[in-house]
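Please examine the sequence and the structure shown here before reading the report.

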Amino acid sequence: MNITIVGTGYVGLVTGTTLAELGNSVYCVDIDEKKVEDMKQGIVPIYEPNLEEMFLRNIQANRLFFTTNLKEALDKSEVIYLALPTPPGEDGSADLSYVLKVANDIGKMMTDYKVVVNKSTVPVGTADKVGAVIKSKTDIPFDVVSNPEFLREGFAVEDSMNPARVVVGCSSERAKNIMAQIYQPFTNTGIPIIFMDEKSSELTKYAANSFLAVKITFMNEIANYCELVGADVDKVRLGMGSDDRIGHRFLFPGIGYGGSCFPKDVKALIKSGKDENFNFKILESTEAVNNAQKVILTSDIEKYFNDLSGKKIALWGLAFKANTDDIREASSLDNIKILLDKGAKIIAYDKIAESNVRKVIGDKIEYATDMYSALEDADCLLIATEWPEFKNPNFELMASKMKNKIIFDGRNMFPLEVPEQHGFFYKSIGRKTVKN
């Protein structure tokens, strides 16, 4: 089948590459000319494990194409996926201007039946709005479908090729049959496709992400309480997670959640509720707790040193999580701002996310070429991202480089006995503090 993907951000590029891998001819459309030219040359614009291999394979197989010309792609395709940004406004509402503009363009350009698929995360009722915009521009029949993505950054290729389920919201049998055909390679292997109405499909994405944000935040609250009463959050987590009604996933405490999905989707669902005179009290609390959790270690650092002016702090990790270059809503940025405001100097290491941070804060901090050079004469180390390379460091080398053997770990990277054996002060989340 011929398919167009409008938007080559994180969702669009992974979706387009996956659909090409399933044997479709996929035309990816983006307004950024340089980005399109780079992709034609095989340059992947985002970091995602295993994506480049699949991306290049489908370009070479002549199944994956890139263009800035929407009309050209539209004329070749029966199905049009909208994978456009829906950034939060100041009031938390999702900005649909990109989605509705492309819907308007599609309405003007289409010459035969199309299925328009909302892949972006959008508020309840967006399919109706997209349909109304297209209908105002054409008499040609079309259908609008909601098909939310459930990709985890860092595992997007795995999730796209082996989804737990495919959710499709549509009220047209013709569109339903086309979507079933697209996802037949999945259903043939036992992966369920769940058909429902468009509004339920739209809400499913917001509800799923918001629930996971609540789960993470609850565990962070438990972790903070553990420290007060002398419990160990790692043991509590294992005990909770062994209950199959709860499960082990998303129970790892740390310095809050970030990224492109959870913060935005929680805000949008809160705002959507207010629009209907409904208060999502649990989500409002989740947002407030997470904002505080992201910088909970800065007060511990300040308490330890009393005065942070002139203190040199090494920072391991800038991305909001491991295996991605995404720094949107990253805890590292919140910590950097507070520490700089208090007069500290920061030298950070994150080879994947560094370039994106440079675009945001420039030379306000220093950047190390490797994890150990970041430690030279450091008064302490703050760990903000759980990159695998940080899991088993050379503590003797660390001690030889640092001015003080002090670690504040926002991701609970080490068993408590390891830094203790090497004489480090070690403060993590929800566990006892190891004192040197």
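## Basis

The model is predicted.

## The open sheet

Six strands make up an open sheet with parallel pairing, arranged in the order β11-β10-β9-β12-β13-β14. In general, the strands of a sheet pair through backbone hydrogen bonds, either parallel or antiparallel.

The partner of β14 is strand β13 (residues 406–409), and the two pair in the parallel sense over three bridges. Within this part of the sheet, Ile 406 stands opposite Phe 425 in β14. Helix α14 (residues 296–305) lies across β9 (312–316), β12 (380–383), β13 and β14, and runs at about 160 degrees to β13.

## Loop residues with positive phi

Most residues other than glycine have a negative phi. Asn 306, which is not a glycine, has a positive phi of about 70 degrees. Asn 306 belongs to the loop between α14 and β9, and it counts as exposed because its relative accessibility is 66%, the cut-off being over 50%.

Asn 50 likewise has a positive phi of about 70 degrees without being a glycine. With 56% relative accessibility, Asn 50 counts as exposed.

## A nonpolar surface patch

Tyr 225, Leu 228 and Val 229 make a nonpolar surface patch of about 360 Å². Of these residues, Val 229 lies in helix α10 (residues 198–229). Val 229 counts as partly exposed because its relative accessibility is 47%, which falls between the limits of 20% and 50%.

Note on methods: Residues are numbered from 1 along each chain as its sequence is written. This is a predicted model: local features need pLDDT of at least 70, side-chain atom pairs count only at pLDDT 80 or more; totals for chains, interfaces and linings use all residues. Side-chain values use heavy atoms; hydrogens and water are left out. Patches are made of residues with over 30% relative accessible area and no salt bridge: like charges are joined within 9 Å, nonpolar side chains (Val, Leu, Ile, Met, Phe, Trp, Tyr) within 5 Å. Accessible areas come from the Shrake-Rupley method with a 1.4 Å probe; for residues, only the protein chains shown count as cover. A salt bridge is a side-chain nitrogen of Lys or Arg within 4 Å of a carboxyl oxygen of Asp or Glu. Helices (H or I, at least four residues) and strands (E, at least two) are DSSP runs, numbered from the N terminus. Buried means under 20% relative accessible area, exposed over 50%, partly exposed in between (1.4 Å probe, protein chains only). Two strands pair if DSSP finds at least two bridges between them. Contact means heavy atoms within 4.5 Å. Axes are lines fitted to C-alpha atoms, for helices over the stretch in contact, and angles run from 0 to 180 degrees between N-to-C directions.
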